[in-house]
Structures are given as structure tokens and as C-alpha cells.
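Student: Could you take a close look with me at one part of this model? I would like to see how its pieces meet, with the numbers that go with it.

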Amino acid sequence: MNWVVNNLGLIWSLTLDHVALAVPPIILGFLISIPIGWVANRFHASRGVLLTISGLLYTVPSLPLFIALPAILGTGILDPINVVVGLTIYAVALMVRSVADALAAVDAGVRQAATAMGYSAWQRFWRVEFPLAGPVLLAGLRVVSVSTVSLVSIGSVVGVSSLGYLFLNGLQRNIIEEVASGIVATLVIAVVFDLLLVLAGRVLLPWAKADPTARRARRKTVETAIAGPSAGGSAVDDPAVSDPSMAGR
Amino acid sequence: MIEFRTVTKKFPDGTVAVDELSLVIPARQTTVLVGSSGSGKTTILRMINRMVEKTSGDIEIDGEDIYALNPVKLRRSIGYVMQNSGLLPHRKVIDNVTTVPVLNGVKKAQAREAALTLLDTVGLDRSLAERYPSQLSGGQQQRVGVARGLAADPNILLMDEPFGAVDPIVRSELQQELIRIQRDLGKTIVFVTHDIDEAFLLGDQVVLLEKGGRIAQQGTPAEILSRPTSDFVATFIGADRGRRALRVEVVNGRNVVVDEDGRPTGVLQS
């Protein structure tokens, strides 16, 4: 424990770096996925194509991506932007399917009722379909959150400061406590993020607790999301590609 | 008054759901469209608020071509009640009822006040206002659906098998409630059902539809019962069966009405 006590300041500042790198990709990934997921859900022909492409994005190994991005973006090799952009790509890869599935799960009868009431298409999306997709979106977002928090560590390999530094440095110097503290701190961030998301869901989606169908839909999504990004949904539009990528990372 | 003039609806897959329909739906009465599935009754109903777009022909409301109007505005001026209530599950009962007035720009507080009165009208306790739809029974949800349909005080109320998914006892309650509401409010109601008993109970005018939205017979329930114009109509209304084939037998000097099996159903008052 000595090492931890003596280096609390370092752990804390790396934790803050880690959080600062993890938050933007989660938010950006969510925002970018909404229009893409909408198109995937709205137009039958685009669904397979978009979900396949986004699924394939997840197979790009992260380390080469972080190294390649500076060349593509014209950023410096140590620029945190590289990590943020890279992780946003993974977030989009995971989230597009969630958005498409969440929108597809909105009851057709409710959509028709909203049209009959006189919602314009734009109003119907933002006031009816999007909120009703909320529970499934939230389930997808929780998976993205955990995935992003864990992937931020890779940035340390290319010199972007995060809790990953503790694994690398701890391994090199053979300090088990340092490695362990990195793992624990990462886990704590992941759990705190998850709790915040659940809390946000409670506040923003008070109706979902009362609605048994929403609960069922949400549970199903969490199950398929945990089984892997390409494990859910139909076999037709699913490239069976994500497993090797997980191994490669 | 709603008028269809040689209206055809052909879906993209080639199905002709409604074939050259001409129909006048009188104002301030209940017109029931009845037919089995595939008769195009729901399609006809949904063409009135343009949820289904006609392929050809003219549809007018009070002499005005509905295709000259913005469809979203048109829908806000017409009440709509559907099967399984179609309530928005993420909004409380009161917010469901105020949906259309709020879309029309009525102040929220004012709309809520009016909505509470409407809950009284449809026989719902005001304490249910802050509940979510999933916390209500099927019958209660359907009542909220009716309240929502009436909230903007529309002249026209479209009802698409609104009582089809509730149990028979609740259905009967809702039917009586609707008859009472209609007596008070006098809306132009277009009601779709596949249940001929419901049609005869609620309709001032009943339109019996065959496949392709063709009118098999149109008239008051008494007209249709007394003179079915075809075998199809006779079979559909069950004119030759059970409860409809009534006879009079004289018992103890009075005229007792009995059904096909000779079971008495009542006594004729003369």
C-alpha cells in the first residue's frame, strides 16, 4: 500500500486525465450516432450497409489507429485529440446499432397515434420517438461508456496521459501495486460513469419504470450488447467480425 | 359533412384497398363503417385525416378539398381514437389529453384545466391524471384515448375500432358512455368496427363494406335489418340466425317475442 499512499497525487491527476479523455468520445459518439442510426432505421436499404460499416469500424485495432490519426488529422503525435477522435469512432461503431434498434423498437401504433394527433415529422421524432427510444439508447450508452473508459488506457502507449500509464510504468518497474491501482481506478471510473448514466435515466425517463414493455426492451438490449456488438440482431446484416478485433486489441 | 367522390386507394404493392368509393357522411351523426378485414374500412377512415393518402378522387369536408389543407393542421382539427388507445407511454394521462391543444398553441395551464373537465366527461377520476398510461386498465386507457380525441373540441371524431381490445363488459360500458357523450356533444363521428352488433348499437347510419371498400348497403340499422339488399348483407348481419330471427308467440293472451330456438327475449308492448 506504500506505493499507493506515496503516489496518491499522481493517481488522482491521471484519473482526471482519464476522465477528461473518456467523456468527449461518449458524448460525441452518442450525438453522431443519432442521425446515422435514424437513417439506418428509416431507409430499409441503408440499414444493412450502415450497420455493417459501423460494425467494421469497431474492428480497426486501436493502437495503429492512434498512430495513424495524426497523419490523417494533421495533429501532433502526442495530441490528446487523436485519442478522442479514435475513441469517438469506436463509440459510433457501437452506438449506431443501438440507435437503429432503439428507434425500430418504438411501437408502430404509438407512432401512428402521434401522426394522427398532428405532430409534424420533426416534432414526432424529438417528442415521441426519441424519448421512447430512451431506455434502449441508455442501455447502448452504458456499453459505450464502459468500453470507452477501458480503451482510454491504450492512449498511454502513444504517450497520451491516462491511467494506462500506471499499467505500463508498473509493468516496466515491476511494481504490482502500481498496476493494481491503475486497474482499480479505471474500474471505479467505469462504475461511477455507469451509475451516473443510470441516474440520468431515472431522472429523464421516469415513465420507463412504470412501463413493463420498456423494461423488457431494455433488458434485451443489454443482453445482446454484452454478448458483443455483432451478436444481436439478424445474421443477415451482421458481419461476424468483431471477435477477432477484440482479441487484437 | 364529409364527402368521398370516386375515391380510390391503391397501395404500392398493387392492392386496391378502396375502389371508386362515393360516400356522404352526414354532420353531427354517428356513421359506422363495418366490414370484415380487407374491406378497406380503416383505409377509408384514415383517408379523412390523410394518414393514408388517396390515389385518386376527391375528399371534401364541408365542401373544402382536404388536399388544399396542410395535413398536419388538418389532423389537429380532427379527433382520432384508435385501438389499444395509442396513448404516448412516456407522458402522463393529463399530458396525453392535452397533446393536441398544446400542439395548437393553447397555454399549458389552460389546457390542463380543460383536460380535467374532459376526464369527468369520459367518466375517469381526476386522481388518475398524474399516472402513466401503463398504470391504467385497458378500459381506462381507452377512456383517456376518447378524452384526447375530444380535447381540441373537433367537429369530427374518427374512431378506429376503439373498443376492439377490451373485454365484453368494459366494451359495453364504453359503448354506453360514447352514446351518452354523443348525445351531449353531437360530433360528426366516423366509427370503424367489424362487429355488426356494435355498428347497429352506435350508428345513426351504418355503411356495410365488402372487399375493396365497395358499399354493400348503407342506411339506418332498421333499414338494413328490415331489408338486406343482398345475400352478403343478410349473412353479415345474421338476419337468418339466432337473435335476429325473432318470432312472436301468443302466450296468456300476450305477444311474446322468441328467438330462433323458441327462447323468449321479451314481450311486445302494444
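Tutor: Happy to! In this predicted model, the centres of domain 1 of chain B and domain 2 of chain B, taken over C-alpha atoms, are separated by 35 Å. Domain 1 spans 2–239 and domain 2 spans 240–270 of chain B. Where the two meet, nine residues of domain 1 of chain B are in contact with five residues of domain 2 of chain B. The size of an interface is often given as the accessible area lost when the parts come together. Here, domain 1 of chain B and domain 2 of chain B bury about 520 Å² between them, with 33% of that area on carbon and sulfur atoms. On the domain 1 side, B:D197, B:G238 and B:A239 supply 67% of the area that this domain buries against domain 2 of chain B, more than any other three residues.

Now for the charges. Side chains of opposite charge can pair when their charged atoms come close. Across the interface of domain 1 of chain B and domain 2 of chain B, the rule finds one salt bridge. B:D197 pairs with B:R244 in a salt bridge, and their closest N and O atoms are 2.4 Å apart.

The side chains of B:R263 and B:D261 meet in one, at 2.9 Å from N to O. B:D261 counts as exposed because its relative accessibility is 53%. Another salt bridge joins the side chains of B:K187 and B:D153, at 2.5 Å from N to O. This pair links distant parts of the chain, 34 residues apart: B:K187 is in the loop between α7 (168–185) and β8 (188–193) of chain B, while B:D153 is in the loop between α6 (138–150) and β7 (156–160) of chain B. B:K187 counts as buried, since its relative accessibility is 8%, whereas B:D153, at 55%, counts as exposed.

There is also a network of salt bridges that links B:R143, B:E173, B:E177, B:R180 and B:D184. For context, the structure holds 22 salt bridges over all chains. One of those in chain A joins the side chains of A:E129 and A:R124, at 2.9 Å from N to O. A:E129 is buried, with a relative accessible area of 8%, and A:R124 is partly exposed at 21%.

Key: Residues numbered from 1 in each chain as written. Chains lettered and ligands numbered in written order. Predicted model: local features only at pLDDT ≥ 70, side-chain atom pairs only at ≥ 80, totals over all residues. Heavy atoms only, no water. Domains from an automatic or database assignment. Contact = heavy atoms within 4.5 Å. Buried area = accessible area lost by both parts, 1.4 Å probe. Salt bridge = Lys/Arg side-chain N within 4 Å of Asp/Glu carboxyl O. Buried < 20%, exposed > 50% of the residue type's maximum accessible area, 1.4 Å probe, protein only. Helix = DSSP H or I, 4+ residues; strand = E, 2+ residues; numbered from the N terminus.
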